[in-house]
Amino acid sequence: MSRAQTDETSISHTVAKSRWRVSCETRTDWMECTARIAAIKRDCTIDPESGKWSAGPEEFRVAYNGVLLNAAQSKQAAQSRCIPWEYSGYADIAISRMQAADALLVRLLTDEMLCGELPRIRQTVQSHLKPQDQRRKWLDSFKEQDGEGITPVDRQRIESALRGAYIANGFTRGRLRTFNNILLVAAVILIALTVLLGVLNAHWGSSLACSDLGTKLVCPLGNEPNRSDILLIELVGATGAAVSAIYSLARVQRVEDPYMVHVGQAILKVSLGGVTAVLGLLLLFATPGFHVTTTWEIFAFAAIFGYSQQIFTRFIDSRGDELLKAASPNGQETFSAAGTREQE
């Protein structure tokens, strides 16, 4: 297969991938090409076919090989096929290796190339380091001296600031993964409780979803309790919650989400909808002077109470979006001078 055919196949596979995978692959490709250009400008010898190091100073060889190694590992993790619960782990490896290659690239770039990358480096540092951080303070005030270029000490400080920003970003991504795991565990617990409630209701042969009018009962499936009443109410409540989840997903701001936090939020909403539907009806039936007179009213209130879980999950949604923007490798937020986050 020719190189052109190989590139065409690679592009067709990339189009079908999620955004974070494409981002990792394109950025690592850029890093590899930039590393080769920088090495050539420093009078090093690079094999044109394999791209491997042939000759040059030892310090540049270490940096060049480090960039290529981390870039290859990032690309491999981004291209890996994995089961759903391993998805975030591979994403973490891909992003971390990509960031490690970017930090090593600072050692290899010529002064002119590094000056061209300084605005991007400053933006990354401002996105992840607080204003009181000494590395950020130094980088914000750094200016290249005319005629002197960038000294080795300056280059080391720039790399230190960039590595610090990526380390802070890694901790934020860790908190995001923990947050998403908590959402999924809570959703599983709620689903188990709703199923258990339905099973216990069916075992007892009575229904908690019936309205007592004194002379008769109004139940979801007629005028007599049915073993499936609670399960039916939970299903209607979950449907109302699903509408809420779809609405939340439609209005959310799109950012790179390799951890599928929005999926976890949607699952939690649906699982909570069944619980709020049952509890809401119990409170409604216990209200003095209030009576539900038809089956359709029971279903309508169940759907409303299922949708109302949005009141309880609103804080979870805002917290998830905040962590997701902060964990984005491209820096969706910046720290203000007061130390608070500002959305770009």
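Biologist: Which helix is Leu184 in?

Modeller: Leu184 sits in helix H7. Keep in mind that this is a predicted model.

Biologist: Is Leu184 buried or partly exposed?

Modeller: Partly exposed, because its relative accessibility is 33%. The cut-off for buried is under 20%, and for exposed it is over 50%.

Biologist: Changing topic. How many salt bridges does the structure hold?

Modeller: There are 14 salt bridges. As background, side chains of opposite charge can pair when their charged atoms come close.

Biologist: What does Lys75 pair with in a salt bridge?

Modeller: With Asp29, at 2.4 Å from N to O. Lys75 is in helix H3 (residues 58-79) and Asp29 is in helix H2 (residues 19-41), so the two are in distant parts of the chain, 46 residues apart.

Biologist: And are those two buried or partly exposed?

Modeller: One of each. Lys75 counts as buried because its relative accessibility is 17%. Asp29 has a relative accessible area of 34%, so Asp29 is partly exposed.

Biologist: Which residue forms a salt bridge with Asp92?

Modeller: Arg173, with the closest N and O atoms 2.4 Å apart. This pair also links distant parts of the chain: Asp92 belongs to helix H4 (residues 87-108), Arg173 to helix H7, and they are 81 residues apart. Both Asp92 and Arg173 are buried.

Biologist: What about Asp102, which residue is its salt-bridge partner?

Modeller: Arg120, and their closest N and O atoms are 2.9 Å apart.

Biologist: Why does Asp102 count as buried?

Modeller: Because its relative accessibility is 2%, and buried means under 20%. Arg120 is at 24%, so Arg120 counts as partly exposed.

Biologist: Last one. Which residues do salt bridges with shared partners join into one network?

Modeller: Asp29, Glu32 and Lys75.

How values were computed:
Residues are numbered from 1 along each chain as its sequence is written. This is a predicted model: local features need pLDDT of at least 70, side-chain atom pairs count only at pLDDT 80 or more; totals for chains, interfaces and linings use all residues. Side-chain values use heavy atoms; hydrogens and water are left out. Helices (H or I, at least four residues) and strands (E, at least two) are DSSP runs, numbered from the N terminus. Buried means under 20% relative accessible area, exposed over 50%, partly exposed in between (1.4 Å probe, protein chains only). A salt bridge is a side-chain nitrogen of Lys or Arg within 4 Å of a carboxyl oxygen of Asp or Glu.
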